[in-house]
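Okay, thanks for coming, everyone. Let me put today's structure up on the screen and then walk you through a couple of spots.

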Amino acid sequence: MVTEFVYAQPVKILFGAHRFDHLSEILKEHGIQRAVVACDRFFSERIRGMMQDTKEIVAVFDDVEENPQLSGVIETARLAKEHGADCVIGIGGGSTIDTAKFAAAVAADPEIAERCWKGEVPFPKETLHIVAVPTTAGTGSEVTQVSVVSHGRDKKTINNPVFMPLLAIVDPYLSSTVPPRTTMNTGIDAMAHALEGYWSKNHQPISDLCAIEAVRLILENLERAYRDGNDLEARTKMAYASLLGGLSFALPKTAGSHACSYPLSEDYHLPHGEACAFTLDSFVRINADERLEYLSRAAGLKDTAELAERIRALKETAGLRRTLSDLGDVDMDKLVRDCAAHPLMQNNPVQMTEEKLREMFEALQ
Ligand code: ZN
């Protein structure tokens, strides 16, 4: 029974195929005059080509790395300052949008900029306008206040309301060129956002609804999008599911699988989605309860066991790393210690001691 909750979602979402083609009008409509774009090399040519007709784009930083570095943030912010920009647009996957969010803060505040120059990743107070254009489905970063930025190997997750974008432009057509493996990695990440928001200790009813629909859509469409990137219907449903996944965890935050993903990315170099996927089916089994059974059935499955099995099968289909031996030499003591110590582990509904985590990883043979 719903008794009380607080819900807020401040991002204006523009969803639809070819929305991105109208970027100039959209920016004008929202009072944005001078924008710097952060993107990856893949989109660079297209964005530079658009600069002719889209006078609002004044500069492009196209060297965002997979785990975005503070150096890229500083460079994007430098361009924004140099060109007197009032907005930073992130066009790409989560790394790009996170870079844009943090650069918008660095460009807005000289004190923050100075601390970044010293190699710190500080907590900002204000930002230029942020526009997020996700091209993968996806991180959900377009509707969250999270930015993950690394300085060398030190990865910092900053949760800050100033990182909420002004606008999210979700154009499923942009994801049609995403390669199959990235499609699977990011699609399972979206599934992890939905499931972890749902089973987080801080879950709440409106986010729960988003989670159930996200899981249903991902189960129906992820494999289709993986097998045929040009299947625009599957891409559209995955873009929507990813957005719902973002809304599922924006308030409740994620839990066990995301907590484990950080050591798996840092020490074993798994991309974010693959790192979350590594333990997701294990956590479905560990966190199985009446609520998860309800979600599984509402998403069209027989039960929670089938949900875990479907996630395992998706990983197998795409050849994602699934077992301890896939990771190479594993320092089990460090792995379980780091996973247990991650703050997101506190959100997991089942308390995960180091012994329980060890048991979970050792079962992944
Ligand atoms: Zn994630």
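Let's start with the second largest pocket: 13 residues line it, and Met 1, Val 2, Gln 204, Pro 205 and Asp 208 sit nearest its centre. A pocket here is an open set of points on a 1 Å grid over the protein atoms alone, where a 1.4 Å probe fits, with protein on both sides within 12 Å along at least five of seven lines; lining residues have an atom within 4 Å of a point.

Quick background: this is a predicted model, where local features need pLDDT of at least 70 and side-chain atom pairs count only at pLDDT 80 or more, while totals for chains, interfaces and linings use all residues. Residues are numbered from 1 along each chain as its sequence is written, and side-chain values use heavy atoms, leaving out hydrogens and water.

So who builds that lining? Helix 7 (205-227) gives the most, four residues, and helix 11 (290-298) supplies at least two. Helices, by the way, are DSSP runs of H or I, at least four residues, numbered from the N terminus.

Now, which residues hold the zinc ion? Asp 189 through OD, plus His 193, His 258 and His 272 through NE2, at 2.1 to 2.2 Å. Donors are N, O and S atoms within 2.8 Å of the metal (3.2 Å for Na, K and Ca). Along the chain, their spacing reads D-x3-H-x64-H-x13-H. His 258 lies in helix 9 and His 272 in helix 10, so the pair ties together parts 14 residues apart in sequence.
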